[in-house]
Amino acid sequence: MRVAMIGTGYVGLVSGACFADFGHQVTCIDKNAEKIELLRSGGVPIYEPGLDQLVQRNVREGRLDFATDLTEAVRAADVVFIAVGTPSRRGDGHADLSYVYAAAEEIGTVMDGFTVVVNKSTVPVGTGDEVEALIRKVRPDGDFAVVSNPEFLREGAAIDDFKRPDRVVVGTEDSRARDVMRELYRPLFLNETPIVFTSRRTSELIKYAANAFLAMKITFINEMADLCEAVGANVQEVSKGIGLDGRIGPKFLHAGPGYGGSCFPKDTIALVRTAQEADTPLQLVEATVRVNDTRKRAMADKVIGACGGDVDGKTIAVLGLTFKPNTDDMREAPSLDIIPALQAKGAKVRAYDPAGIEEAEKLLKDVEYTTGPYLALEGADALVIITEWNEFRALDLDRVKAALKAPVVVDLRNIYDPAEMHEAGIAYTSIGRP
Ligand SMILES: NC(=O)c1ccc[n+]([C@@H]2O[C@H](COP(=O)([O-])OP(=O)(O)OC[C@H]3O[C@@H](n4cnc5c(N)ncnc54)[C@H](O)[C@@H]3O)[C@@H](O)[C@H]2O)c1
């Protein structure tokens, strides 16, 4: 099949490269000429494990190429994906659909023959109808179907998630489009991946419901962690104790500094808005958004508390800036709330992240960056671990203690054993554990 992927970001590039790897002929398109130039010269604009080899192999074997203009690829395509960003709209939290609509109009202008237009971007219920109407307006005679096919990949494990998903969701009422989608995902059919065919509106809602549920699960255990701290219980053991119940499941029960990233924050807010407009408020999701916002800010107070109630003039070493490990994505990362709050109280921040520094430099002010974890610690008054990159999991504790001015460690991801830290003579604070 010939595939045109519009938007070559975290989702578009991974999906495009994976479809090419399935054997399809894929062109990834992006308005950002720098990105396309970099990809054409053999580079990859994002940090995602395994993506550079996957892209290079498929380019070499002639199944994947890149363009800034969509005309040629869309004309030739059986399937055109829209994988552009849908950020929060300033002011009201609705999903900003301007990129989706702009892409739809362009597709409508140039498409040729029966074309399946697939929304892979996360879009509110009813966006498929809008996209269909837009294309119909520019091409009253067009032969096309608009399908919803939300993406569930996780940054940091994106290739595996795409190639071995828990499920694929396809929303369409058009039988020709259903056949095209089935053919496109045929390699996954062979792996017996469940493919949920449903209506377009249901499919759009499934994506938001999934993200809202996961955000709620994280927020639930985060609140439970606060309670554990207050009553002297251990949240990790609570997670284990409830997670072994098959109805609950062990995933997304790690207490931490609050969820961030490019999806949960904007998708929960957008869902709340959709529900309010439909006069069916989702109070659980509203509470989740509120609790998570407060939590991210409260983490700075936790650090200040561990530093004896005052960070004025102190140097705080931060390990981990990205919203999670194995990505360079800084969107809505907890570090973006915690670091400015510490700075506002007079702290100097010195930070290290294995992949996020280039992005962090654009978003944080007055932070000194180092080229390795121990350099960040040298002479600092405390260490804060914000993101649980593997390389922070086995720090040499004697070296940590020797490097710090005071042996204060705040571990917002619970990656160390409190007993071991205590033995090493470190004043250790973690989340929800005695
Ligand atoms: N990042 C994730 O982990 C993830 C997971 C699942 C779903 N999603 C959803 O997928 C969508 C894309 O997310 P992302 O993280 O890949 O975004 P991104 O910002 O990384 O990439 C979007 C790309 O689209 C390009 N673009 C915008 N308008 C364009 C146009 N008209 N023509 C060509 N290119 C255009 C931008 O230049 C950018 O490179 C969003 O709706 C997001 O919610 C993201």
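Visitor: Before we start, what is the radius of gyration taken over, and what is the globule rule?
Guide: The radius of gyration is taken over C-alpha atoms, and the globule rule is 2.2 Å times the number of residues to the power 0.38. Keep in mind that this is a predicted model.

Visitor: So what radius of gyration does the chain have, against a compact globule?
Guide: The chain has 23 Å. A compact globule of 434 residues would come out near 22 Å, so the value agrees.

Visitor: What does the C-alpha trace span along its principal axes?
Guide: About 70 × 50 × 40 Å.

Visitor: And how many helices and strands?
Guide: The chain has 18 helices and 14 strands.

Visitor: How much of it is buried?
Guide: Buried residues account for 54% of the 434.

Visitor: What about contacts across the sequence: how many join residues at least 24 apart?
Guide: Take contacts between residues at least 6 apart in sequence. Of these, 73% join residues at least 24 apart.

Visitor: Charges next. How many positive and negative side chains?
Guide: There are 50 positive and 65 negative side chains. The centres of the two sets lie 2 Å apart.

Visitor: Let's pick a helix. What should H5 span, and what does it span?
Guide: H5 covers residues 98–110. At 1.5 Å a residue, its 13 residues should span 18 Å; the end C-alpha atoms are 19 Å apart, so this agrees.

Visitor: Which residues of H5 are buried?
Guide: Val100, Ala103, Ala104, Ile107, Gly108 and Val110.

Visitor: Why would residues three or four places apart point the same way?
Guide: An α-helix has 3.6 residues a turn, so residues at that spacing point the same way.

Visitor: What covers the buried residues of H5?
Guide: The cover includes strands S1 (2–6), S4 (79–82) and S5 (115–119). Helices H4 (71–76) and H6 (127–138) are also among the covering elements.

Visitor: Switching to backbone angles. What is the phi of phenylalanine 252?
Guide: Phenylalanine 252 has a positive phi of about 60°, although it is not a glycine. It is found in the loop between H11 (235–243) and H12 (264–277).

Visitor: How does its accessibility class come out?
Guide: Phenylalanine 252 has 28% relative accessibility, so it counts as partly exposed.

Visitor: What about aspartate 279: where is it, and is it buried or exposed?
Guide: Aspartate 279 is in the loop between H12 and H13 (283–306). Its relative accessibility is 69%, so it counts as exposed. Its phi is positive too, near 60°.

Visitor: Now leucine 412. Is it buried or exposed?
Guide: Leucine 412 counts as buried because its relative accessibility is 0%. The cut-off for buried is under 20%. Leucine 412 sits in the loop between S13 (408–411) and H18 (418–423).

Visitor: Which residues does leucine 412 touch?
Guide: Leaving out residues up to four places away in sequence, leucine 412 touches Ala255, Gly256, Pro257, Met299, Lys302, Ile338, Val384, Ile385, Ile386 and Ile431.

Visitor: And how far apart are leucine 412 and glycine 432?
Guide: They are 20 residues apart in sequence and 9.7 Å apart in space, C-alpha to C-alpha.

Visitor: Last one. Where does glycine 12 lie?
Guide: Glycine 12 lies in H1, residues 10–22. At 0% relative accessibility, glycine 12 counts as buried.

Visitor: Which residues does glycine 12 touch?
Guide: Met5, Gly7, Cys28 and Ala83, not counting residues up to four places away in sequence. Glutamate 151 is 139 residues from glycine 12 in sequence, and their C-alpha atoms are 9.9 Å apart.

Conventions
Residues numbered from 1 in each chain as written. Predicted model: local features only at pLDDT ≥ 70, side-chain atom pairs only at ≥ 80, totals over all residues. Heavy atoms only, no water. Helix = DSSP H or I, 4+ residues; strand = E, 2+ residues; numbered from the N terminus. Buried < 20%, exposed > 50% of the residue type's maximum accessible area, 1.4 Å probe, protein only. Contact = heavy atoms within 4.5 Å. Lys, Arg positive; Asp, Glu negative; His and termini not counted. Charge placed at Lys NZ, Arg CZ, Asp CG, Glu CD. Expected span 1.5 Å × (residues − 1).
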